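Work through each task before reading its solution.

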Amino acid sequence: MPTIVHEFSWPDRLVVGTVGQPGERAFYLQARTKARFVTVALGKEQSALLAQKIDEMLDELKSTESNPFRIPDSTPIELVDNDPLDQPLDTQFRTGAIGLGWDPTTAEIVIEAYAMVEVDDVDANELGSELIEVEPSEALLVRIPVGTARAFAKRTLEVVGAGRPSCPLCGYPMNPEGHVCPQPGAVDD
């Protein structure tokens, strides 16, 4: 069965947002053009890594002398989006793999989010050294200009950073009631 692709080119909105309290938040990637929008679930780490890689890609493009495109250093003010996720929050799929690319013919960042693939009915012992190629059932494909990409990365990093504070000793998240730090000699709050 072919993969169902939800495609957005220069969407009106592309954001990562959350639902829930810090420590129990669910992360979502949402693309919208007019009344049509698609929401996919993804992990906190996926969100952070996607934003970091977009910023790295834009910084690399900016520093490349042969690049003819103007890449903004920061988020253009008119592209700042601090609004909550669009409702209703119907999740299309849970994201497994994410792809990121640059299309020099259109000067767009390309984001591909693929549905998590579950292989239930295959026994690993039966596979041996054979590789099974399984296509995801759905994918989200979004093409955005560089200013929108910078704004998306900034918001995503802010959303990720709005969770629980990190322990200064181990870096793990701390709950309001404290946490058990794995560092030797650390004192629990």
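The exercises below use a predicted model.

**Exercise 1.** Decide whether H6 is buried or exposed, and find what its side chain pairs with.

*Solution.* Start by placing the residue: H6 lies in strand β1, which spans residues 4-9. Next, take its relative accessibility, which is 11%. The cut-off for buried is under 20%, so H6 counts as buried. Then look for a partner: the side chains of H6 and E138 are joined by a polar contact of 2.6 Å. Finally, list the surroundings: leaving out residues up to four places away in sequence, H6 touches R36, V38, Q92, F93, E138, A139, L140 and L141.

**Exercise 2.** Find which residues of the largest nonpolar core touch the most other members, and which element gives the most to this core.

*Solution.* The core holds 31 residues, and L14, L29, I54, I111, L140 and F152 touch the most other members. Now go through the elements: β2, β3, β4, α1, β6, β7 and α3 each supply at least two residues. The top contributor is α1, with 7 residues. As a check, inspect I111: among its contacts beyond four places in sequence are L14, I54, L140 and F152.

**Exercise 3.** Describe how α1 and α3 cross, and sort the residues of their contact by kind.

*Solution.* First the geometry: the two axes come within 9 Å and cross at roughly 145°, and the crossing is left-handed. Then the contact: residues including L50, I54 and L58 in α1 meet residues including F152, L157 and V160 in α3. Sorting the contact residues gives 11 nonpolar, 3 polar and 4 charged.

Note on methods. Residues are numbered from 1 along each chain as its sequence is written. This is a predicted model: local features need pLDDT of at least 70, side-chain atom pairs count only at pLDDT 80 or more; totals for chains, interfaces and linings use all residues. Side-chain values use heavy atoms; hydrogens and water are left out. Helices (H or I, at least four residues) and strands (E, at least two) are DSSP runs, numbered from the N terminus. Buried means under 20% relative accessible area, exposed over 50%, partly exposed in between (1.4 Å probe, protein chains only). A polar contact is a pair of N or O atoms within 3.5 Å; within protein, one must be able to donate a hydrogen and the other to accept it, and residues adjacent in sequence count only if both atoms are side-chain atoms. Contact means heavy atoms within 4.5 Å. A nonpolar core is a set of buried Ala, Val, Leu, Ile, Met, Phe, Trp, Tyr and Cys residues joined through side-chain atoms within 4.5 Å. Axes are lines fitted to C-alpha atoms, for helices over the stretch in contact, and angles run from 0 to 180 degrees between N-to-C directions. A crossing is left-handed if the near helix is turned anticlockwise from the far one by less than a right angle, and right-handed if clockwise. Ala, Val, Leu, Ile, Met, Phe, Trp, Tyr, Cys and Pro count as nonpolar, Asp, Glu, Lys and Arg as charged, and the others, Gly among them, as polar.
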